[in-house]
Amino acid sequence: MTEPLAPVGTGDAFGQALLSCWRAGGRPGTAYEVVERDDGYVSIRDASAYFAPPEEWNAPERWAVAQAHGRVLDVGCGAGRQGLAMLRNGCDVLGLDASEGAVDVAARRGLKAVTGTVDRPGEGPAEGLGLFDTVTLLGNNIGLLRGREHARGVLAALAALVPPGGQLLGTAADESETGHPAHAAYGRLNEERGRMPGQMRLRIRHGTVATDWFDYLMPSVDELCSLLIGTPWRLNALEEEAGVYAVQLLKVAG
């Protein structure tokens with residue numbers, strides 16, 4: 001009789017996937033990130049995508065990186081691919097990520113990075129670093145807004161890190177544009193539960209380790225703009241391509 005598998009342990013699965021890929025030279029086919037949704041849908045992503053050079057990015061992401069200037073806080077920096085590009089463009093960049101493994105990889109690649117969360121980006125290792133000209137939510141990290149219940153708090157926390165006229169650059173995939181039946185059904189389920197259609201409950205797995213479950217958001221542009229109401233942020237510019245978009249938000253004076 002086959003022995004039962006050991007239960008999945010809780011830990012930094014995302015960071016472990018990045019570290020495994022980094023140790024293999026960032027090559028495709030060497031490490032994978034498994035993303036599990038709470039309806040049972042599972043997707044697998046080659047971790048080498050987090051090391052891809054700018055010529056392999058989509059156009060909205062390249063556009064967003066090109067808008068960055070001055071002191072930059074790269075929130076959810078991952079392995080540092082966007083942060084390093086902004087560094088090469090002359091920006092003074094600090095990466096921030098909740099994953100200790102991601103921060104380790106980004107630092108090994110030459111990006112100054114610290115651990116911290118999007119809910120409290122100015123606390124912990126990032127405390128006392130002053131204001132930034134630019135904060136970023138790249139690599140679809142507009143998803144870190146999580147949903148209606150958390151978005152305005154996150155946007156307020158990020159606004160506290162920039163002066164009036166400062167900018168937030170972010171990218172996202174519009175989940176409603178995929179046309180995938182499983183995603184459409186999940187969107188309907190979300191609406192029945194009173195959640196935003198593009199809101200997801202996820203966990204990341206790598207090997208025998210999984211992260212805790214967390215919320216992630218893939219909003220349409222209109223949905224994102226609705227979340228800006230009552231915050232200091234205003235949409236200033238938009239770049240779109242095939243269901244993926246980038247935004248430049250400017251902080252207005254209070």
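Throughout these views, buried means under 20% relative accessible area, exposed means over 50%, and partly exposed is what lies in between, with a 1.4 Å probe and protein chains only. This is a predicted model, where local features need pLDDT of at least 70, side-chain atom pairs count only at pLDDT 80 or more, and totals for chains, interfaces and linings use all residues. Residues are numbered from 1 along each chain as its sequence is written, and side-chain values use heavy atoms, with hydrogens and water left out.

**View 1**
Helices (H or I, at least four residues) and strands (E, at least two) are DSSP runs, numbered from the N terminus. Arg146 is partly exposed, at 23% relative accessible area, and has a positive phi of about 75° although it is not a glycine. Asn140 also sits in the loop between strand S7 (134–137) and H5. Phi of Asn140 is positive too, near 65°, in a residue other than glycine. With a relative accessible area of 26%, Asn140 is partly exposed.

**View 1. Helix H5 against helix H7.**
Helix H5 (residues 148–159) packs on helix H7 (residues 221–228) at an angle of about 60°, with the axes 9 Å apart. Axes are lines fitted to C-alpha atoms, for helices over the stretch in contact, and angles run from 0 to 180 degrees between N-to-C directions. The crossing of H5 past H7 is right-handed; that means the near helix is turned clockwise from the far one by less than a right angle, and left-handed would be anticlockwise. On the H5 side, look for Arg148, Ala151, Arg152 and Leu155, which meet Ser226, Leu227 and Leu228 in H7. Contact means heavy atoms within 4.5 Å. Sorted by class, the residues of this contact are four nonpolar, one polar and two charged. Ala, Val, Leu, Ile, Met, Phe, Trp, Tyr, Cys and Pro count as nonpolar, Asp, Glu, Lys and Arg as charged, and the others, Gly among them, as polar.

Two strands pair if DSSP finds at least two bridges between them. Strand S8 (residues 167–173) and strand S13 (residues 244–251) run antiparallel, joined by seven bridges. Leu169, for instance, has Gln248 in S13 as its bridge partner.

**View 2. Strand S2 with S3 and S9.**
Strand S2 (residues 32–37) and strand S3 (residues 42–46) run antiparallel, with five bridges joining them. Keep an eye on Val34: its bridge partner in S3 is Ile44, and in S9 it is Arg205.

**View 3. Helix H1 alongside helix H4.**
The axes of helix H1 (residues 13–23) and helix H4 (residues 100–108) come within 7 Å and cross at roughly 30°. H1 and H4 are therefore roughly parallel to each other. Angles under 35 degrees get that label, while over 145 is roughly antiparallel, 65 to 115 roughly perpendicular and the rest oblique. The H1 side of the contact consists of Phe14, Gly15, Leu18, Leu19, Trp22 and Arg23, and the H4 side of Gly101, Ala102, Asp104, Val105 and Arg108. The buried residues of H4 are Gly101, Ala102, Val103, Val105 and Ala106, and their cover includes H1, strand S5 (92–97) and S6.

**View 4. Val162 and its contacts.**
Val162 is in the loop between H5 and S8 and counts as buried at 1% relative accessibility. Leaving aside neighbours within four places in sequence, Val162 is in contact with Leu131, Phe132, Asp133, Val135, Gln167, Trp233 and Lys251.
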